[in-house]
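Welcome! Take a look at the sequence and the 3D view first.

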Amino acid sequence: MKYQSTRNNSVCVESAYAIGNGISPEGGLYVPESLPTLTLDDICALCSLKYKERASKILGLFLTDYTAEELDYCAENAYLASKFGSENTAPVVSLSDSLNILELWHGPTCAFKDMALQILPYLLKLAIKKNGEEKEVVILVATSGDTGKAALEGFKDVEGTKIQVFYPVDGVSKIQKLQMATQSGANVDICAVKGNFDDAQTGVKKIFTNNDYKKELSSRGYTFSSANSINWGRLAPQIVYYFSAYCDLLNSKKINAGDKINVVVPTGNFGNILAAFYAKMMGLPINKLICASNTNNILTDFINTGVYDRNRSFFTTDSPSMDILISSNLERLLYHLSEGNDALIREYMSSLEKDGKYTVSDEIKSKVSELFAADCCDDKETAQTISKYFDKYSYVPDTHTAVALNVYEKYVAKTGDNTVTVVASTANPFKFNKAVVSAIAPDVSLDDKDEFELLELLAQKGNIDIPVQLSELKTKAVRFDDVCCKEDMIKQTDKFLN
Ligand SMILES: *Cc1c(COP(=O)(O)O)cnc(C)c1O
């Protein structure tokens with residue numbers, strides 16, 4: 001399997017090269033030249049396997065320059081029961097005959113980013129070896145909160161790598177900030193950026209594509225890579241859990257082989273839902289891909305109108321990991337839907353850069369509306385949804401999952417489509433404790449409560465256990481408190497590498 005760039009389809013590289021380099025030199029994203037397909041029998045054959053084995057099998061279809069033994073090793077170590085609470089790495093919880101929650105947050109940082117970021121360092125270390133790279137690999141990450149911590153946990157003390165994380169100074173929850181500020185590891189650095197997530201992401205992209213600076217660092221023995229979802233090594237592992245969920249539904253007889261399911265994904269950078277799109281294209285019986293947004297509903301508008309327009313207000317919401325106006329991975333979708341028309345993608349992306357806007361062709365627009373449905377949900381509806389699911393099912397969704405549940409209900413009300421549905425649940429509710437506890441216990445005053453009192457309160461009101469990864473933050477020392485302007489991010493990187 002070879003990989004092309006969305007902005008230059010004559011690029012032809014192996015997966016290790018794509019994973020090692022993160023982004024193509026002209027700014028495009030690496031995509032597989034074709035998609036492997038699985039028959040229903042192939043899918044059924046995955047049913048008796050554990051998650052890590054399913055992962056190794058699916059990854060093997062894409063990372064053909066890795067051996068089966070290598071991928072077994074990567075998956076085995078990434079998805080240890082000691083890190084994910086059990087061998088059931090991504091459990092499916094059924095709330096009703098048709099509604100199922102795919103819990104993707106049982107990993108070390110309590111968010112779905114662990115699903116990919118626990119395995120990426122293993123894939124990358126092998127990629128470095130395969131590529132004959134002798135330089136130290138510097139991972140730069142822009143985060144809206146969850147990626148940063150998950151990448152730090154994945155890469156801390158990984159030989160031959162250094163990792164630096166930038167996050168929007170007021171754009172992450174207190175727990176997220178604390179998770180990062182207390183990070184252990186000798187090869188890590190964390191800095192807040194005065195700006196929003198898009199500023200941080202744009203800043204990182206600028207450092208990545210600054211050829212003069214790259215040359216200088218190269219002479220100092222460093223090369224850059226990325227752990228953001230623009231890296232193929234992040235996306236491929238996410239495809240696995242959609243297959244895995246389907247197998248779990250087959251195993252629990254919620255569906256019969258071949259039945260279609262709907263998938264609802266709370267979406268920010270379009271990585272998670274793109275993985276579901278890949279799964280569908282590979283033959284997983286998926287009916288609709290339902291894209292859920294918060295008030296930053298640029299994707300809702302895009303899917304419903306074919307116009308991507310970032311000339312709009314940016315909102316800070318209770319689901320901050322989705323507070324994004326530039327959904328990088330959409331570029332990959334457009335590339336596939338345009339049958340690899342790199343000129344067209346260059347045109348869209350340059351008009352996005354110049355005018356903050358592009359309009360896709362009618363052909364792409366109609367493909368998008370056939371595959372996807374989209375809607376959005378504000379903070380008030382999010383809170384109502386959390387409270388509703390707690391009352392009705394004694395289930396406590398986090399704010400991002402609640403956005404998805406709310407959009408799912410709107411979809412069913414609009415279409416009457418009662419297909420068995422999997423809702424991707426992307427964070428442990430304790431990670432966004434304040435919004436969640438105020439939704440299920442609206443009468444309790446929270447203003448005088450610190451983070452740890454909020455955790456206790458959520459445990460008590462929601463009747464759920466605090467994950468140790470979060471309760472232990474109380475006793476950990478803060479190691480990082482740097483703040484910089486978006487123009488100075490490159491200086492911060494330079495300081496870290498000196
Ligand atoms: C990152 C994240 C999302 C958005 O996922 P994308 O792949 O960027 O669309 C949603 N929810 C949570 C909790 C996240 O951390």
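**Briefing: a ligand and the spaces in its protein**

The ligand is surrounded by 15 residues, and the closest of them are Lys113, Asp146, Gly268, Asn269 and Thr426. Keep in mind that this is a predicted model. Where does the ligand sit? You will find the ligand in the largest cavity.

**Around the ligand**

- Start with lysine 113, where a polar side-chain atom lies 2.6 Å from an oxygen atom of the ligand.
- Asparagine 269 uses its backbone instead of its side chain here: a backbone N or O atom lies 2.7 Å from an oxygen atom of the ligand.
- Phenylalanine 270 also places a backbone N or O atom by the ligand, 3.1 Å from one of the ligand's oxygen atoms.
- How much of the ligand does the protein cover? On its own, the ligand has 380 Å² of accessible area, and the protein covers 97% of that.
- Sorted by class, the shell around the ligand is made of 8 polar, 5 nonpolar and 2 charged residues.

**The largest cavity**

- The structure holds 2 cavities of 30 Å³ or more, and the largest cavity has a volume of about 260 Å³.
- A set of 26 residues lines the largest cavity, and the closest to its centre are Phe112, Lys113, Gly268, Asn269 and Ser321.
- Which helix provides the largest share of the lining of the largest cavity? That is helix 13, with 3 residues.
- By class, the lining of the largest cavity has 14 polar, 9 nonpolar and 3 charged residues.

**The second largest cavity**

- The second largest cavity contains about 50 Å³ of space.
- Its lining is formed by Gln201, Val204, Lys205, Phe208, Asn228, Ile230 and Ser328.
- These lining residues divide into 3 nonpolar, 3 polar and 1 charged.

**The largest pocket**

- The largest pocket has a volume of about 560 Å³.
- It is lined by 20 residues, and Arg7, Thr202, Lys205, Ile326 and Glu353 are the closest to its centre.
- Helix 10 (197–208), helix 15 (330–337) and helix 16 (342–355) each supply at least two residues of the pocket's lining.
- Which helix gives the most to the lining of the largest pocket? Helix 10 does, with 4 residues.
- Charged residues number 7 in this lining, alongside 7 nonpolar and 6 polar ones.

- Asparagine 210 caps the N-terminal end of helix 11 (residues 211–219), with a side-chain oxygen 3.3 Å from the backbone nitrogen of aspartate 212.
- Just after helix 11 comes glycine 221, which takes a positive phi of about 90°.

Conventions. Residues are numbered from 1 along each chain as its sequence is written. This is a predicted model: local features need pLDDT of at least 70, side-chain atom pairs count only at pLDDT 80 or more; totals for chains, interfaces and linings use all residues. Side-chain values use heavy atoms; hydrogens and water are left out. A residue is near a molecule or strand if one of its heavy atoms lies within 4 Å of it. A polar contact is a pair of N or O atoms within 3.5 Å; within protein, one must be able to donate a hydrogen and the other to accept it, and residues adjacent in sequence count only if both atoms are side-chain atoms. Accessible areas come from the Shrake-Rupley method with a 1.4 Å probe; for residues, only the protein chains shown count as cover. On a 1 Å grid over the protein atoms alone, a cavity is a set of points where a 1.4 Å probe fits but cannot get out, and a pocket is an open set with protein on both sides within 12 Å along at least five of seven lines; lining residues have an atom within 4 Å of a point. A molecule sits in a cavity or pocket if more than half of its atoms lie within 2 Å of its grid points. Ala, Val, Leu, Ile, Met, Phe, Trp, Tyr, Cys and Pro count as nonpolar, Asp, Glu, Lys and Arg as charged, and the others, Gly among them, as polar. Grid points are joined across faces, edges and corners, and a volume is the space filled by probe spheres set on the points.
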